Each structure stands twice: as structure tokens, then as C-alpha cells.
Amino acid sequence: MGWAIALHGGAGDIPRSMPPERREPREAALHHCLQIGVDAIKAGRSPLDVVELVVRELEDNPHFNAGKGSVLTSNGTVEMEACIMDGNRKKCGAVSGISTVKNAISVARLVMEKTPHIYLGFDGAEAFAREQGMETVDSSHFITPENIERLKQAKTANRVQSNRTVGCVVVDGYGNLAAATSTGGLVNKMVGRIGDTPIIGAGTYANSLCAVSATGKGEAIIRATVARDVAALMEYKGLSLKDAATYVIEECTPERTAGLIAVSATGEVTMPFNTVGMFRACATEDGDSEVAIWHDEPCD
């Protein structure tokens with residue numbers, strides 16, 4: 001048994017022809033966030049602290065679809081979602097409809113720790129965050145020129161475009177587990193649409209066996225209860241983490257629009273996906289480390 005960490009910047013149709021000016025900042029961010037997480041684990045921070053810390057960093061990076069880089073609704077607005085879960089206690093918190101709070105993942109943790117509830121949304125979540133002294137910004141803070149252009153393209157094509165999430169899973173040397181996921185949702189989504197990220201057992205789940213953060217098309221992930229199914233296959237069928245995660249991705253998401261990262265209580269890591277690519281990174285106590293995008297072409 002030893003500690004392990006995995007993080008993702010989303011799965012989807014990531015072309016191998018992605019130009020260096022787009023690929024390299026994302027690779028650098030994965031390296032940076034992985035190192036932040038490893039340093040925090042080595043410093044004795046709890047898995048819950050580590051997943052929040054890493055996801056906050058991903059939210060603050062404009063190159064991923066969460067926080068600063070969130071994609072836009074059909075009205076050109078931002079509606080962010082996040083979820084965090086402590087595996088050993090099965091305590092969790094989630095939010096949707098965040099538009100002015102800088103880090104949605106930290107609001108989710110406050111919901112878990114400061115309310116009798118699990119899930120707050122929209123005006124109620126925003127008001128609660130302000131009451132708790134969370135940092136707020138004008139909603140324009142989250143809107144990037146790239147995402148304005150992507151919304152224009154989606155409207156021209158009259159379609160909702162699948163997009164990615166960010167997430168992190170951690171197990172410490174004692175088997176304590178935590179998971180966190182955050183997203184801006186889908187390009188050109190309807191105002192008020194809620195995806196898989198904040199739904200316990202769909203986009204995010206952790207218990208005493210594993211911690212899972214999913215990414216991809218939210219509706220498909222919700223229908224397949226992706227994150228919970230990984231844990232259920234381990235619990236009821238006795239599958240290993242890798243076998244459970246691979247089965248869920250290959251058999252339960254036939255649209256081929258999903259991926260996930262997961263760690264087990266014994267320090268295993270797996271990061272399967274059935275999309276073209278998935279921005280991902282992981283490290284373990286025994287020195288293994290990986291940062292990669294495509295199936296057979298790691299970044300380092």
C-alpha cells in the first residue's frame with residue numbers, strides 16, 4: 001500500500017494534429033498540477049485537501065473547461081459545476097450554476113462541511129458562497145476569447161458540443177480516498193442544464209475501495225452511473241480497479257464519449273478512456289509517473 005494520485009483535464013475528440021501552441025500549455029499545466037498534488041501528499045495533507053488543491057489549480061487555468069476556462073451556455077453565460085467526496089466517510093458536497101465564485105470546487109467542499117445538505121444550485125449556491133466569504137469576481141473573469149468563438153461555431157452549426165471536465169483522485173498511505181471534479185459543462189448548453197459532474201455516482205464517487213472522477217459527455221455518464229459502477233464492480237464482483245474501470249468505459253458507455261481516472265485503497269491507478277484522447281497525469285509512491293494525452297503517445 002502507498003499513496004497515489006491521478007488527475008485529468010478532460011476526455012474527448014482531441015486531435016493528434018493539435019498545434020504546439022495549444023498542446024504545450026496543457027501539457028505544462030498537467031505537469032504543474034501533478035507536482036502540486038505530489039508535494040501536498042508528501043507534506044501530509046489529507047486526500048480531501050489534495051484533490052481540492054489540485055482542482056482549484058485546474059480551475060484557475062484558462063486552458064481547461066472549468067473555472068477560468070469554462071465554456072458558455074446558449075445565452076453566452078457561464079454556469080459552473082463541481083463535486084467533492086471523502087471516500088472513507090462517504091461525505092460529499094456539490095454545486096451547480098456557479099457564475100461569480102472563483103473556485104466552484106471550494107464551494108462544493110463548504111456545502112459538504114457547513115450545511116446539512118449535499119447539493120446546492122444557482123442563486124442558493126451563490127448566496128451561500130458569499131455568506132461563507134468565498135472570493136467572487138465578475139462573471140466576465142471566466143469568459144475567454146476562445147470560448148466566445150466556440151459558442152459562435154456551435155450556434156452556427158445549431159448543436160451542443162461535448163466538452164471536458166477537470167478532476168483529481170487521491171489515496172494516501174493509509175488507504176484514505178477522495179475525489180473531486182469540476183466543469184463549465186457543454187458548449188451552447190441550455191441555461192440550467194446540469195451534467196454528470198455534480199451527481200454523486202455519475203461523474204464523481206469515492207468510498208473505502210476507490211475514488212473515481214469521470215469525464216466526457218455528461219448525459220452518457222449519468223445514464224451509465226459510471227463512477228459508482230466502478231466501485232460496485234469492485235465491491236460486489238471482486239474485480240480489480242483496472243478491470244472494473246475498463247469494463248465500465250468499454251461496455252457501459254457505447255457512445256465512446258467517456259473516460260475516467262481512479263485510484264484504489266491499495267494504491268492502484270487507472271486512467272481508461274474510449275475517446276480519441278484524454279488529458280491526464282498520475283504518480284505513485286513507488287516512483288511511477290505519467291503525463292499523457294493519447295492512447296499510445298505519452299507526453300514524457
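The backbone nitrogen of G12 lies 3.4 Å from a polar atom of the T275 side chain. A polar contact here is a pair of N or O atoms within 3.5 Å; within protein, one must be able to donate a hydrogen and the other to accept it, and residues adjacent in sequence count only if both atoms are side-chain atoms. The model is predicted: local features need pLDDT of at least 70, side-chain atom pairs count only at pLDDT 80 or more, and totals for chains, interfaces and linings use all residues. Residues are numbered from 1 along each chain as its sequence is written, and side-chain values use heavy atoms, with hydrogens and water left out.

The T275 side chain also reaches the backbone oxygen of G277, at 2.8 Å. T275 sits in the loop between β10 (269-270) and β11 (277-284). Helices (H or I, at least four residues) and strands (E, at least two) are DSSP runs, numbered from the N terminus. T275 counts as buried because its relative accessibility is 8%; buried means under 20% relative accessible area, exposed over 50%, partly exposed in between (1.4 Å probe, protein chains only). Leaving aside neighbours within four places in sequence, T275 is in contact (heavy atoms within 4.5 Å) with A11, G12, R256, T257, A258 and H295.

T165 is buried, at 3% relative accessibility. Its side chain makes a polar contact of 3.1 Å with the side chain of T215. Beyond four places in sequence, the contacts of T165 include H8, G9, G10, N65 and T181.

Helix α4 (residues 122-131) has A125, E126, F128 and A129 as its buried residues. They cover an arc of only 165 degrees around the axis, so they share one side of α4. The arc is that of the directions from the helix axis to the C-beta atoms. The buried residues pack against β3 (91-98), α3 (104-114) and β4 (119-121). Exposed D123 and E131 are on the face turned away from the buried side. Just after α4, G133 takes a positive phi of about 80 degrees.

Helices α1 (residues 20-42) and α2 (residues 47-59) have axes that come within 9 Å and cross at roughly 160 degrees. The pair is therefore roughly antiparallel. Axes are lines fitted to C-alpha atoms, for helices over the stretch in contact, and angles run from 0 to 180 degrees between N-to-C directions. Angles over 145 degrees count as roughly antiparallel, under 35 as roughly parallel, 65 to 115 as roughly perpendicular and the rest as oblique. In α1, H32, C33, I36, G37, A40 and I41 meet V50, L53, V54, E57 and L58 of α2.
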